[in-house]
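Keep the viewer open as you read and pick out the pieces as they come up.

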Amino acid sequence: MKTNNSKEKVRQLQNKLYLTAKKCQKRRFHALYDKVYRDDVLIEAWKRVKANKGSSGVDGIRIEDIEKMGIEKYLKELKKELIEGKYIPSPVKRVMIPKPDGSERPLGIPTVRDRIVQMAAKIAIEPVFEADFRECSYGFRPKRSAKQALEVVRKACNNKGYYVVDADIEKFFDNVNQDKLMILIEQRISDRRILKLIRQWMRSGILYGSILTISELGTSQGSVISPLLANIYLNTLDRLWEKYGRTHGILVRYADDTVIICKNKKSANHAQSLLQYIMGKLDLRLHPVKTKIVNMWDGTEGFDFLGLHHRRFSKINKKGNRYGETYQYPSKKAMKKMKRTVKESINQRYLLVKTEEELIKVLNPKITGWRNYYKTRNDRKWMRAIDWYILCTFCRWNNKKRQQTRKLKGLYATKIRLQEKGLQLMEA
């Protein structure tokens with residue numbers, strides 16, 4: 001297998017499939033399976049899976065183990081299985097991820113082998129569905145991002161968007177109707193081997209401890225193919241909203257996170273009712289408590305979306321006239337998560353043997369990532385708060401290391417020293 005130019009060849013393949021699908025919206029693709037086991041597609045799939053890192057699945061085989069086996073040999077054997085129709089996916093390993101509120105979120109971890117095949121299938125089928133996806137959808141799509149979605153929300157709120165339907169789909173990934181999802185996929189794909197692959201992944205089961213569960217509902221949250229399947233399923237919402245809901249408000253969707261920005265309370269009520277109706281058609285349910293209509297008019301209420309809090313503040317222009325502007329800044333939940341990560345990266349007993357330089361090296365990429373994502377026009381106060389917390393945490397760590405009882409002794413000296421050693425700042 002030649003690894004050179006695999007990325008460019010895959011890009012050309014996807015572009016060709018996209019243009020073909022865009023040209024004819026009723027066309028069904030019957031020859032996609034052979035694209036899944038193409039050498040360049042498998043190589044690119046491997047590269048993407050490796051870049052995403054992740055732990056081993058139920059078979060215990062890690063990315064590093066495959067590199068020791070020999071990537072070329074491993075992909076050749078996988079290709080042979082796919083060609084001969086002998087590929088059978090393993091169950092998904094379920095792990096429970098703790099949430100800030102004390103509850104747990106289930107996450108599915110497929111084997112590395114299954115992740116490679118899922119990524120290869122995603123490369124082959126994504127362009128076909130991408131041709132059908134609507135402008136309001138931003139999650140897990142090529143050349144689309146959360147930042148773009150947030151900018152649309154900000155502009156819509158500033159353009160007389162006084163009421164917002166903050167929607168929460170209850171246990172979306174657990175409640176996707178697999179039969180309806182397959183019907184939606186079959187509207188564009190008639191290749192039986194591709195359809196069989198997707199069914200196998202959905203029916204492969206979830207292994208939690210020693211208990212194997214196979215459900216006819218849901219898709220595994222955490223698998224490579226899951227975000228694409230979610231977008232295919234919820235594209236029905238986007239299409240129906242484009243047809244019946246545009247007069248009520250502007251829909252912005254990032255995977256299963258959805259907000260609708262409306263100009264008045266009446267439109268917001270209509271928007272929520274229509275959204276509930278569409279969810280019913282998809283066998284889904286809006287969370288009765290978390291779904292709410294937010295009044296943005298006077299700044300007393302706000303809403304969280306994609307890690308940022310949105311709230312309207314009153315300002316005065318140069319002529320002395322008062323006007324409202326929507327501020328976006330890190331939500332309380334995001335602030336707590338950042339502070340928890342800082343504490344775990346610095347102020348732990350087992351880290352007392354580390355040097356400041358070692359801790360800075362670990363923390364700097366995280367700070368850069370936060371800054372790139374959370375930086376907005378109105379972020380100064382919140383960025384400064386995180387910078388202050390990082391400084392105080394370093395100071396506490398330093399004093400604990402030196403067995404100094406005063407936790408914040410030498411705060412200013414610590415600040416100067418950290419700056420000299422290259423610690424990144426949130427407010428940069």
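This is a predicted model: local features need pLDDT of at least 70, side-chain atom pairs count only at pLDDT 80 or more; totals for chains, interfaces and linings use all residues.

1. Start with strand β1, residues 92-98. One of its partners is strand β2 (residues 104-109), and the two pair in the antiparallel sense over 6 bridges. To find the pairing on screen, look for P98, which stands opposite E104 in β2.

2. β1 also pairs with strand β4, residues 206-208, and here the two strands run parallel, joined by 2 bridges.

3. Have a look at helix α3 (residues 39-52) and helix α6 (residues 112-130), whose axes come within 8 Å and cross at roughly 120°. How do α3 and α6 lie to each other? At that angle they are oblique, because anything over 145 degrees would be needed to call them roughly antiparallel, and 65 to 115 to call them roughly perpendicular. The crossing of α3 past α6 is right-handed.

4. Which residues make the contact between α3 and α6? From α3 come V41, L42, E44, A45, W46, R48, V49 and N52, and they meet V112, R115, I116, M119, A120 and I123 of α6. Sorted by class, that contact has 10 nonpolar residues, 3 charged ones and 1 polar one.

5. Stay with α3 for a moment, and pick out R48 and E44. These two form a salt bridge, with their closest N and O atoms 3.2 Å apart. Both lie in α3, 4 residues apart, which is about one turn of the helix. R48 and E44 also turn up among the α3 residues that meet α6. How many salt bridges does the structure hold? The count is 30.

6. Now go to helix α14 (residues 356-374) and helix α15 (residues 380-401), which pack at an angle of about 170° with their axes 12 Å apart. That angle is over 145 degrees, so α14 is roughly antiparallel to α15. As with the other pair, handedness can be given: α14 and α15 make a right-handed crossing.

7. On the α14 side the contact is made by E356, L359, I360, L363, I367, R371 and Y374, and on the α15 side by M383, I390, F394, W397 and N398. What classes do these residues fall into? The contact of α14 with α15 has 9 nonpolar, 2 charged and 1 polar.

Methods
Residues are numbered from 1 along each chain as its sequence is written. Side-chain values use heavy atoms; hydrogens and water are left out. Two strands pair if DSSP finds at least two bridges between them. Axes are lines fitted to C-alpha atoms, for helices over the stretch in contact, and angles run from 0 to 180 degrees between N-to-C directions. Angles under 35 degrees count as roughly parallel, over 145 as roughly antiparallel, 65 to 115 as roughly perpendicular and the rest as oblique. A crossing is left-handed if the near helix is turned anticlockwise from the far one by less than a right angle, and right-handed if clockwise. Contact means heavy atoms within 4.5 Å. Ala, Val, Leu, Ile, Met, Phe, Trp, Tyr, Cys and Pro count as nonpolar, Asp, Glu, Lys and Arg as charged, and the others, Gly among them, as polar. A salt bridge is a side-chain nitrogen of Lys or Arg within 4 Å of a carboxyl oxygen of Asp or Glu.
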